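Work through the following exercises with the model at hand. Each task is followed by a solution in steps.

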Amino acid sequence: SVILLLQGVAVQCFAPSAQQKSVRQTTAVPVFASTTAFRSFLNADDETPQQKLLKQVEREEANLKREREKAKERLEKYDQSLEVLQTKKAQYMVQTDAPTTFTETTLRSAVKAFCWRIIAGSVTFITTLRFSGSMKTALQVVGADFLSKSLTMFIGERLMNKSKAGRTGGADDAGRSLAKALIWRLFAICNTLTMAVFVSKDLSVASKIASTDAVFKTALMFVYERVWARIEWGKEYEMQWNL
């Protein structure tokens with residue numbers, strides 16, 4: 001019995017427990033792609049500070065080389081753009097008598113439309129308040145007017161920008177400005193009348209607002225267009241070639 005007891009103690013001392021078995025089974029074994037990677041793993045702690053510094057410098061060197069290649073690609077694009085501009089410049093210097101026109105950038109059209117809505121909205125607010133006598137009605141008409149006309153005027157600017165009529169002098173001439181004012185006013189009268197009737201529920205008040213806008217805003221927009229004709233910002237000039 002004493003021998004059996006001693007054997008039981010020995011088995012408990014030397015036999016692995018269930019917890020130890022599970023730790024051994026779940027321990028992750030690193031996988032290396034090559035012998036060199038395995039050796040590097042073994043010798044990682046044996047590297048000297050100088051070797052670690054050298055590796056750091058090599059990583060920075062590789063990053064700089066990649067950045068240099070990207071910079072070369074950007075430089076090539078700049079060189080191509082510069083060559084195109086120089087070619088255009090040479091052509092413009094030869095064709096000194098060719099008529100010059102321009103187009104407006106999208107941002108210029110957006111700014112023009114927004115600024116006009118501020119000016120025109122102020123006029124509509126005054127006329128609506130004058131004829132309706134209601135601050136609420138005036139604000140509602142101006143709000144509806146602003147939302148409905150801001151986008152449509154921007155679209156109208158972009159459509160008119162496709163026409164070169166009246167732009168041979170490097171700016172819009174008076175005829176083009178007048179045509180734009182009249183065309184826009186035809187649309188704006190219908191829009192303002194509809195919104196005024198919808199908000200005020202009074203056709204006579206809406207008619208007075210729209211008719212006042214028709215006279216005053218047409219002249220005001222003509223002046224507005226003449227002012228913008230003198231502003232160079234947002235113009236992209238181009239030459240019409242004589243073939």
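Buried means under 20% relative accessible area, exposed over 50%, and partly exposed in between, with a 1.4 Å probe and protein chains only. The model is predicted: local features need pLDDT of at least 70, side-chain atom pairs count only at pLDDT 80 or more, and totals for chains, interfaces and linings use all residues. Residues are numbered from 1 along each chain as its sequence is written, and side-chain values use heavy atoms, with hydrogens and water left out.

**Exercise 1. Classify the ring pair F114 and F146, and state where its two members lie.**

Step 1. Rings of Phe, Tyr and Trp (its six-membered ring) pair if their centres lie within 6.5 Å; planes under 30 degrees apart count as stacked, over 60 as edge-to-face and the rest as tilted.

Step 2. The structure holds four aromatic pairs. In the pair of F114 and F146 the ring centres are 6.2 Å apart and the planes stand at 85 degrees, so the pair is edge-to-face.

Step 3. F114 belongs to helix α5 and F146 to helix α6, and the pair links distant parts of the chain, 32 residues apart. Helices here are DSSP runs (H or I, at least four residues), numbered from the N terminus.

Step 4. F146 has a relative accessible area of 27% and is therefore partly exposed. F114, at 48%, also counts as partly exposed.

Step 5. Ring pairs also link W116, Y224 and W228 into a cluster.

**Exercise 2. Which residues make the nonpolar surface patch of about 270 Å²?**

Step 1. Patch residues have over 30% relative accessible area and no salt bridge; nonpolar side chains (Val, Leu, Ile, Met, Phe, Trp, Tyr) are joined within 5 Å, like charges within 9 Å. Accessible areas come from the Shrake-Rupley method with a 1.4 Å probe.

Step 2. The patch is made by F114, I118 and I119.

Step 3. I118 sits in helix α5, residues 106-132. With a relative accessible area of 44%, I118 is partly exposed.

**Exercise 3. Check the span of helix α7 and find what covers its buried residues.**

Step 1. The expected span of a helix is 1.5 Å times one less than its number of residues.

Step 2. Helix α7 (residues 174-200) has 27 residues and should span 39 Å; its end C-alpha atoms are 37 Å apart, which agrees.

Step 3. Buried residues of α7 include R176, K180, W184 and A188. Their cover includes α5, α6 (135-161) and α8 (203-229), where contact means heavy atoms within 4.5 Å.

Step 4. Just after α7, K201 takes a positive phi of about 60 degrees.

**Exercise 4. Describe the salt bridges of E61 with K65 and of R108 with E104.**

Step 1. A salt bridge is a side-chain nitrogen of Lys or Arg within 4 Å of a carboxyl oxygen of Asp or Glu. The count comes to 12 salt bridges.

Step 2. For E61 and K65 the closest N and O atoms are 3.8 Å apart. Both residues lie in helix α4 (residues 49-94), four residues apart, about one turn of the helix.

Step 3. E61 is partly exposed at 41%, and K65 is partly exposed at 44%.

Step 4. R108 and E104 meet at 3.1 Å, N to O. R108 is buried at 1%, and E104 is buried at 3%.

Step 5. R108 and E104 belong to a network of salt bridges, whose members include K112, R176 and E225.
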